[in-house]
Amino acid sequence: MQSASIDDTLAQLEARGYFASRELATALFLALRMERPLFLEGEPGVGKTELAKAAAAMLGTTLLRLQCYEGLDTASALYEWDYPRQIMALRLAEAAGEKPRNDTLYRDEFLLKRPLLQALQLDPNNPAARRVLLIDEIDRADEPFEAFLLELLSDFQVSIPEYGTVRASTPPLVVITSNRTREVHDALKRRCLYQWLGYPDRARELAIVAARAPETSTELQHRAVAFVHQLRTMDLFKAPGIAETIDWCRALSALAVTELDPQSVQDTLGVLLKYQDDLAQLDAQRIAQTLALAE
Ligand SMILES: Nc1ncnc2c1ncn2[C@@H]1O[C@H](COP(=O)(O)OP(=O)(O)OP(=O)(O)O)[C@@H](O)[C@H]1O
Ligand SMILES: [Mg+2]
C-alpha cells in the first residue's frame, strides 16, 4: 500500500519493525511519489538494507535484491538464457523431425530472469503492488556496471534481442546502498534522491532495541544503549552500529546478565567491537569510566 503522508510512511515502517528518522521517511515518501531511486549511504549496520526490506513489506511485495560485487555482469544482474534446456529443446525438435525455429529456443520459460529484469515486470504474487528493487553495495561493483545501471534507471526498459523489449508499466521503487568504499559517479547520484544514514539518537535506538531484542529487560536496554552511545563518542576504528547494539542486548540476555557491570561488559565486548585495536583501547579502567559516563 502506498502511504498518504510522511507520518503515515513512518507509522507503516514502524508497524514492520523499522524505525526511521523523519528525514529518511520523507526521502522514501518522495522516492515513491516522484518515481525516483533512493540512494542511501552511511556507516555499516545503520539500517540501509533493512529499509528496502521494510519498504517492500509496506508495499506488499517481495524484495528483489541485487548484491553487487566486483565483476558483476549482466548475466547475473539482468538475464541469461538457460543453455542446457535450450539444447534439450533443440534435440527434441530434431528427434521429432521438426525444423528448429526461433521460438523453439527463445521461450519465456528458458529466460532466466535476474533481479533487474524481474523489477521491470509485475510481481506474480501481487500484480497490483509496486516492485521494490534493492541494489545493495553499489560501491563494490565496477564502473561499467554503474554506467549500465544508469541507462536502465533512466528508461526502465531493456531490449533483449531474441525476445523483445521489456518495459516497466510502473517504475519500481529502487533503493541503492553504498558503504563508500569508493565514490559513486555523480551521474548516477544525480538521478537519485540522496539520504545519509547516521547513528540514531538514543530514543530511536531504544525503540529499535525494544522491537528487535524484546527478551532484554527495559532497564538493561536503556543501559546498553547509553553505553553504546558513549562508545560512539570515542575515537574508535569502527564504532558499533545498530546491528551490534541489538546483538549485544541479545547476548546479555542469553547470558542472563541483569545488571551492566564492568565484568559483563568486558566478557561481551567482542559483540560490539570487531577490531583488536578498539578492544585493546577498552581495558577494565576505560570500561568502568565509560559505564560511569553512560549513567
Ligand atoms: N531503523 C531501524 N529500525 C529497525 N531495525 C534496524 C534499523 N536500523 C538497523 N536495524 C537493525 O540492524 C540490522 C542491520 O541493519 P542493515 O543490515 O540494514 O544495515 P546496513 O546499513 O545495510 O549495514 P551494511 O552496510 O553493513 O550492509 C538490521 O537487521 C536490523 O535488525
Ligand atoms: Mg547492508
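This is a tour of one predicted model, stop by stop.

Residues are numbered from 1 along each chain as its sequence is written, and chains are lettered from A and ligands numbered from 1 in the order in which they are written. In this predicted model local features need pLDDT of at least 70, side-chain atom pairs count only at pLDDT 80 or more, and totals for chains, interfaces and linings use all residues; side-chain values use heavy atoms, with hydrogens and water left out.

**Whole chain**

Of the 295 residues, 47% are buried (under 20% relative accessible area; exposed is over 50%, partly exposed in between; 1.4 Å probe, protein chains only). Among contacts (heavy atoms within 4.5 Å) with a separation of 6 or more, 75% join residues 24 or more positions apart.

**Domains**

Colour domain 1 (6–78 + 114–197), domain 2 (81–110) and domain 3 (202–293) separately; the bounds come from an automatic or database domain assignment. The centres of domain 2 and domain 3, taken over C-alpha atoms, are 59 Å apart.

**Nonpolar cores**

Next, select Leu116, Ile135, Ile138 and Phe145, the residues with the most contacts inside the largest nonpolar core, which has 35 residues. Such a core is a set of buried Ala, Val, Leu, Ile, Met, Phe, Trp, Tyr and Cys residues joined through side-chain atoms within 4.5 Å. Elements giving two or more residues to this core include strand S2 (63–67), strand S5 and strand S8 (173–178). Helix H8 gives the most, 5 residues. Because domain 1 and domain 2 both give residues to this core, it lies between them.

Stay on Ile138 and show its surroundings: beyond four places in sequence, its contacts include Phe39, Cys68, Leu149, Ile176 and Leu188. Then move to a second, separate core of 29 residues, with Met234, Leu236, Leu273 and Ile287 among them.

**Two loop residues**

Select Arg140, in the loop between S5 and H8. Its relative accessible area is 47%, so Arg140 is partly exposed. Leaving aside neighbours within four places in sequence, Arg140 touches Gln67, Cys68, Tyr69 and Glu70.

Now select Ala129, in the loop between helix H7 (115–118) and strand S5 (132–136). Ala129 counts as buried because its relative accessibility is 11%. Ala129 is in contact with Leu59, Gly60 and Thr61, not counting residues up to four places away in sequence.

**Largest pocket**

Finish at Gly45, Val46, Gly47, Glu50 and Ile242, which lie nearest the centre of the largest pocket among its 34 lining residues. On a 1 Å grid over the protein atoms alone, a pocket is an open set of points where a 1.4 Å probe fits, with protein on both sides within 12 Å along at least five of seven lines; lining residues have an atom within 4 Å of a point. Its volume is about 610 Å³, the space filled by probe spheres set on grid points joined across faces, edges and corners. Helix H12 (242–254) is one of the elements that supply at least two lining residues, and H12 gives the largest share, 6 residues. Domain 1 and domain 3 each provide at least three residues of the lining. By class the lining has 14 nonpolar, 9 polar and 11 charged residues (nonpolar: Ala, Val, Leu, Ile, Met, Phe, Trp, Tyr, Cys and Pro; charged: Asp, Glu, Lys and Arg; polar: the others, Gly among them).

Key:
Helix = DSSP H or I, 4+ residues; strand = E, 2+ residues; numbered from the N terminus.
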